[in-house]
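Here are a few friendly notes to read alongside the structure. Take them one at a time, and keep the picture open as you go.

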Amino acid sequence: HQVRGVVARGKGAPVTVETITVPDPGPGEAVVDVAACGVCHTDLHYREGGISDEFPFLLGHEAAGTVAAVGEGVTDVAAGDFVVLNWRAVCGRCRACARGEPQYCFATHNAAQKMTLADGTELSPALGIGAFADKTLVHAGQCTKVDPAAPATAAGLLGCGVMAGVGAAINTGGVRRGESVAVFGCGGVGDAAIAGARLAGASTVIAVDVEDRKLQWARRFGATHTVNSGTTDPVEAIRAHTGGFGVDVAIDAVGHPVVFEQAFYSRDLAGRVVLVGVPTPDMTITLPLLEVFGRGGTVRSSWYGDCLPSRDFPMLVDLYRQGRFPLEEFVSETIGIHDVETAFDKMHRGEVLRSVVVL
């Protein structure tokens with residue numbers, strides 16, 4: 001199949017829309033007609049060489065579409081199914097799966113065959129998906145069936161950012177009814193964590209960011225208080241909003257040492273700290289070991305919101321369809337396949353939660 005795809009050929013170079021070749025699905029694989037794909041920070045990290053140097057990359061991974069064809073042995077999905085793509089196709093056999101924790105699968109599946117440029121150059125698909133394309137080839141386990149009544153522009157966002165944030169609050173942080181939560185960083189992931197905390201029944205949800213515009217967005221998703229950490233000490237402000245104690249759950253959706261330290265000190269005794277923002281390889285943290293011991297609680301990282309796509313994607317789509325989860329609110333704009341580079345610029349300037357490519 002000769003289709004259009006958004007390709008990053010070299011570190012920092014502007015992306016290009018090129019003709020790519022998508023093979024028919026082999027055993028265990030599926031070809032998906034992509035309907036919509038969100039522009040995620042991870043795609044920008046790929047373009048900047050922050051993930052690996054395996055250029056050229058076929059970007060895009062936060063997507064929904066319709067299965068066009070499946071390969072031999074595929075039984076869980078069929079042609080015509082509406083699916084959200086995921087990058088955690090669990091193997092069912094690794095040590096995490098064997099102990100009943102497939103959300104931590106250490107051997108997730110990707111398609112065995114390669115998509116290529118027109119000249120035969122093999123492409124590296126972002127997160128094993130590569131969905132800024134009219135069609136993409138994935139492992140069938142990367143296809144999660146959801147209610148086809150949900151618009152692809154909204155449903156596709158569960159494939160990465162929204163699920164990461166919601167899962168950080170509910171799955172990793174274990175937010176319970178009546179608890180207090182602080183979320184540092186109010187982009188797409190952070191606002192999803194706020195929405196997840198609200199969904200779980202948190203009574204106090206404090207949004208922290210350096211931009212007032214993002215704090216206004218956070219209010220839409222359920223923040224009860226906002227703190228501009230560019231002008232206010234966020235730790236002191238959070239304590240002031242929680243009777244002087246700090247929050248039960250503090251979520252770092254930025255992935256920066258300064259922010260992580262703020263999250264660490266903003267929690268109550270025996271509180272939980274969750275890191276879901278992605279740091280760069282050179283970042284380090286230094287904390288007094290006595291503080292780690294003396295505060296108790298837990299410090300955890302959240303991988304993909306510790307989600308299980310087969311369980312969590314359909315649930316969140318159903319909640320969205322019932323009007324209980326504001327999935328469509330994450331879509332700032334819909335764009336064409338040639339507008340991805342401009343969308344990266346808007347993302348960098350903090351002007352959008354999500355630009356979504358419609359194919």
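1. A word on annotations before we start: UniProt positions are given here in the numbering used for this chain, feature names are shortened, and an annotation may be inferred rather than shown by experiment. Please also keep in mind that this is a predicted model.

2. With that in hand, look at the record. The unreviewed UniProt entry carries the annotation "domain: Enoyl reductase (ER)", which covers residues 12-359.

3. Next, the domains. How is the protein divided? Domain 1 is made of 2-159 + 326-358, while domain 2 is 165-303. Notice that domain 1 is written as two stretches of the chain, and domain 2 is written as one. The C-alpha centres of domain 1 and domain 2 are 29 Å apart.

4. Now see where the two domains meet. Their contact draws on 11 residues from domain 1 and 13 residues from domain 2. Between them, domain 1 and domain 2 bury about 1100 Å², and 63% of that area is on carbon and sulfur atoms. Which three residues supply more than any others of the area that domain 1 buries against domain 2? They are Phe330, Gly350 and Leu353, with 41% of it.

5. A pair of helices is worth a look too. Helix α4 (residues 161-172) and helix α10 (residues 309-321) have axes that come within 12 Å and cross at roughly 105°. Angles of 65 to 115 degrees count as roughly perpendicular, and α4 and α10 are therefore roughly perpendicular to each other. On the α4 side, the contact is made by Met163, Val166 and Asn171; on the α10 side, by Arg311, Asp312, Phe313 and Leu316. Sorted by class, this contact of α4 with α10 has four nonpolar, one polar and two charged residues.

6. Finally, two backbone details. Most residues other than glycine have a negative phi, and most peptide bonds are trans. Against that background, find the bond from Phe55 to Pro56: it is cis, with omega near 0°. Pro56 sits in the loop between α1 (41-47) and β4 (57-58). Then find Ala270 in strand β15 (residues 267-275). Ala270 is not a glycine, yet its phi is positive, near 65°.

Definitions and conventions: Residues numbered from 1 in each chain as written. Predicted model: local features only at pLDDT ≥ 70, side-chain atom pairs only at ≥ 80, totals over all residues. Heavy atoms only, no water. Axes fitted to C-alpha atoms, helices over the stretch in contact; angles between N-to-C directions. Helix = DSSP H or I, 4+ residues; strand = E, 2+ residues; numbered from the N terminus. Parallel < 35°, antiparallel > 145°, perpendicular 65-115°, else oblique. Contact = heavy atoms within 4.5 Å. Nonpolar A, V, L, I, M, F, W, Y, C, P; charged D, E, K, R; others polar. Domains from an automatic or database assignment. Buried area = accessible area lost by both parts, 1.4 Å probe.
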